[in-house]
Amino acid sequence: MPPQSPIPWFDEFVGVAYRYYDLRMNVVPLFADRKESASLWYDIVHQWIDPLIKIRFLETGDKYWFIMGSDSQRPDTNLSFFKELSKSENYERFKKGHSGEAYLRFGTYAEKSLGDVKKDAVCNCTHEAEDHDEGDGDVCLFNKCNCTKFSSFQVNLLKKKKTVTDIKFLKDVKSDPLVWNCINANKLVCD
Ligand SMILES: [Zn+2]
Ligand SMILES: [Zn+2]
């Protein structure tokens, strides 16, 4: 048998959302394009074997690496996923609340502009749409806020899901083979 070639790494997704949905915490890698996310789900994640799916969070100060992979029923087309992200409140909530189990779903991410949202939609600057001036670049009128353009995002979760029970938060690169492999294969610098 030829030696099994290493599983390629994939980082062309926009982020990861953490949502409480269907009675469980959900880990949701986000894509800009619905078709792309659907085909990656079908070709890759759908072929994964649930108890073998691993999700790792390698924490490096204010940031962390999201690292995910599994053995596949179709090893020749398998991929592993990774992305460096900033810690967020939702991330911390997930870390505290997951209790060893989560649903994995894919989601799509859409930027919304001032014209697309209701008055009480919240901007990334934390102020509502009504606090932004329509016209003139949608500047935030809130006292001392330096936001110059309303922007908000909406996450849509795809229906299909997998149950993940192998979830670890790590600080040390060498303690986990998947993490070690990710850091080396992608020549990531983390300190
Ligand atoms: Zn704003
Ligand atoms: Zn603002």
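**Entry: the model.** I am working with a predicted model, so I kept to local features with pLDDT of at least 70.

**Entry: phi angles.** I began with a reminder to myself that most residues other than glycine have a negative phi. Then I looked up Ser99, which is not a glycine, and found a positive phi of about 45 degrees. Its place is the loop that runs between helix 2 (89-97) and strand 7 (102-104). Is Ser99 buried or exposed? I counted 9 other C-beta atoms within 10 Å of Ser99, so it is exposed, the cut-off for that being 12 or fewer.

**Entry: the largest core.** Which residues touch the most other members of the largest nonpolar core? I found Val27, Phe66, Ile67 and Val164, out of 33 residues in that core. I then asked where the core residues come from, and noted that among the elements supplying at least two each are strand 3 (24-31), strand 5 (63-69), helix 1 (34-43) and helix 3.

Leaving out residues up to four places away in sequence, I listed its contacts as Val16, Tyr18, Ile55, Ala102, Leu104 and Val164.

**Entry: another core.** I also noted a second, separate core of five residues, including Cys123, Ala129, Cys140 and Phe150.

Methods. Residues are numbered from 1 along each chain as its sequence is written. Chains are lettered from A and ligands numbered from 1 in the order in which they are written. This is a predicted model: local features need pLDDT of at least 70, side-chain atom pairs count only at pLDDT 80 or more; totals for chains, interfaces and linings use all residues. Helices (H or I, at least four residues) and strands (E, at least two) are DSSP runs, numbered from the N terminus. A residue is buried if 20 or more other C-beta atoms lie within 10 Å of its own, exposed if 12 or fewer, and partly exposed in between; C-beta atoms are placed from the backbone. A nonpolar core is a set of buried Ala, Val, Leu, Ile, Met, Phe, Trp, Tyr and Cys residues joined through C-beta atoms within 7 Å. Two residues are in contact if their C-beta atoms, placed from the backbone, lie within 7 Å.
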